[in-house]
Amino acid sequence: MRRVGGARATRAIAASITLLALALALGCSGGSSAPSPAPSSPSPQPTSPPLTPPPTTPAPSAAPAAPPPRIEGRGPYQVDVARDCDGWPYVSLTVSDRLCVGLVVHRGMEGLASSGGPFRPRTLVEDPSHADVLWVIDAGGHRDRGGRLYRVDASARPPAIVRAVDHLDRPHQGAIGPEGWLYVGEVSRIVRFDLAASDVAATREVVIEGLPTQIPGRDRIRFHPLSAFVFTPEWDLVLNRGSSTDHCQESIVAPPEPQPRCHDEAEETASVVRYTHTLDAEGRHTWSSPRVIARGLRNSVALAAHASGTILQGENGVDFPEDDRPAEELNVLWPLEGERVHFGWPYCFDRDRADERWSRAGFACDPALNARYAPPHLFLPAHGAPLGLVYYEGAIDALRGDLLVVLHGYRSRGHRVIAFDVGPDGRPARDASPREIVSGWSASDTGPRGAPVSTALAHDGALYLVEDNNGTVLRIAPDAYAASRATSAGHAEILEHADARFVALHRDVLVPRCAHCHEVVRGEADQALTTLRREGWLRADPGEAPLLWERVRPGADRRMPMDGTLRDDELHAIAAFLGVEPR
């Protein structure tokens, strides 16, 4: 049973009375949610947890009506510059009651458009000394030494953006450390910068180095190399060591014969490690050698540390082609439950299902039979791809104390932000259902499909939300206006016309090779072409080929499709349509 208190309890009771009155008046006899599919085994198995939609409680009468709309294109979005969201152009998304979303930064702004290379922000932090200054970590397309750090002065309109640091190596995480410096995770190390210096780049110091980057025995970077980390209340540093591949397939096909267990176990990757905070003789902050606190985790980009000491992890599960399995997971990494330190990857999925590809491993996926196996605390939506976890401690009453989960996934259950109530130990109840905070992010004429990665708390209680693929920073804040206006959702959709060349490509290549994972290419050719363009697959960043080619070309990192490389004739068909030279 979820714990509800204070103002939220009052709202919950009022809502219950309202629903009861409606049920009596209309003769309703049940909820609107469809039942979950029956389990395929005696043990209960998830499909996806039900999502509670954003409330639609009418706004207080004191709130003013929104002004007449004035729609303009800003970056990837069509925004309302007349109806602002706390001073920023209004983005039409589905949000929790009395909240809105504003557009703060997009890749077309001065200071970004002239930087060269793609702008793919992953995280940001607010400057500890200047409330309206943001430090944005840009992955730069995940290319060698292509990452950057930007200083964004959000007190200006438009924001004043300055590139402060170049040549970061696939950076992802940013966080303020114990001395007020900015810590940044690169693929092979963690570095820190003094944000108060006139030349921030010149203050770079290496804090931790030698992190694993390569797939053993192969000259390529691991599938999950990003150095996500979180500081605990004691300033210990908890760090992700992602797995080499999706389901450790390189051990399955390893010559001269398949291996009995995944090589990541011996390498101590597919794990989470903890570095203990210390002070050196000069009083500088340092960290001890790492110790593994959790194993069997495919990719722990989403990490959160609660004031109670609890450490949570959002698990990105293996890439099964089915839309409804496996569920993503929310795991409790600390404190440990006895000797349960192995969370099952690549041998197990869901709670106790075994991956048949690893039947020889002898790893029991039933926690009753395996004292080392830690099953998930609860399930997250299948293929949601959780990349961000944060405990909200700001001024928005509807969110205060909640655990926010940022889902990045491109499938239907991803690209949204959800929230859980938590107890004093920072854990949601095992049977908790999430509430949607931001959704409605499907590609349309008003904007692209959402690509949220992480959130960061602003000094005034607002939430910054970072999108990588769309190259934006958004801001979630209380809405000053009475109600959201209707958007273009009711308008007739205008589809692009697919010529004979795309019709053939769609029929012969995209549907048979891509549709099992990418619903974007399902359906008729006109719809597929329209959605591919809206979602950015046909867009080329400066100096690059279109995204579709960058993901299927020979030599691409995490080359698609996952079930095997495309034939030469299929590659040539894609290249001919995109107008690129196959190589």
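**Cavities, core and backbone features of the predicted model**

The lining of the largest cavity comprises seven nonpolar, four polar and five charged residues, where Ala, Val, Leu, Ile, Met, Phe, Trp, Tyr, Cys and Pro count as nonpolar, Asp, Glu, Lys and Arg as charged, and the others, Gly among them, as polar. The model is predicted, and local features therefore need pLDDT of at least 70 and side-chain atom pairs pLDDT 80 or more, whereas totals for chains, interfaces and linings use all residues. Residues are numbered from 1 along each chain as its sequence is written, and side-chain values use heavy atoms, with hydrogens and water left out.

A search of the whole structure finds five cavities of 30 Å³ or more, a cavity being a set of points on a 1 Å grid over the protein atoms alone where a 1.4 Å probe fits but cannot get out, with lining residues having an atom within 4 Å of a point. The largest cavity has a volume of about 110 Å³, a volume being the space filled by probe spheres set on grid points that are joined across faces, edges and corners. Among its 16 lining residues, those closest to the centre are Glu 315, Gly 317, Val 318, Glu 329 and Cys 348. Strands S22 (328-334) and S23 (348-349) each give two or more residues to this lining; strands (E, at least two residues) and helices (H or I, at least four) are DSSP runs numbered from the N terminus.

The loop between S22 and S23 holds Pro 335 and also Pro 346. A cis peptide bond joins Trp 334 to Pro 335, with omega about 0 degrees, and another cis peptide bond, also with omega about 0 degrees, joins Trp 345 to Pro 346.

The largest nonpolar core has 27 residues, and those with the most contacts inside it are Phe 502, Leu 532, Trp 549, Val 552, Ile 574 and Leu 578; such a core is a set of buried Ala, Val, Leu, Ile, Met, Phe, Trp, Tyr and Cys residues joined through side-chain atoms within 4.5 Å. At least two residues of this core come from each of helices H4 (500-514), H5 (525-534), H6 (547-552) and H7 (568-578). Seven of the ten residues of H5 are buried, so this helix is largely enclosed by the rest of the structure, buried meaning under 20% relative accessible area, exposed over 50% and partly exposed in between (1.4 Å probe, protein chains only).

Definitions and conventions
On a 1 Å grid over the protein atoms alone, a cavity is a set of points where a 1.4 Å probe fits but cannot get out, and a pocket is an open set with protein on both sides within 12 Å along at least five of seven lines; lining residues have an atom within 4 Å of a point.
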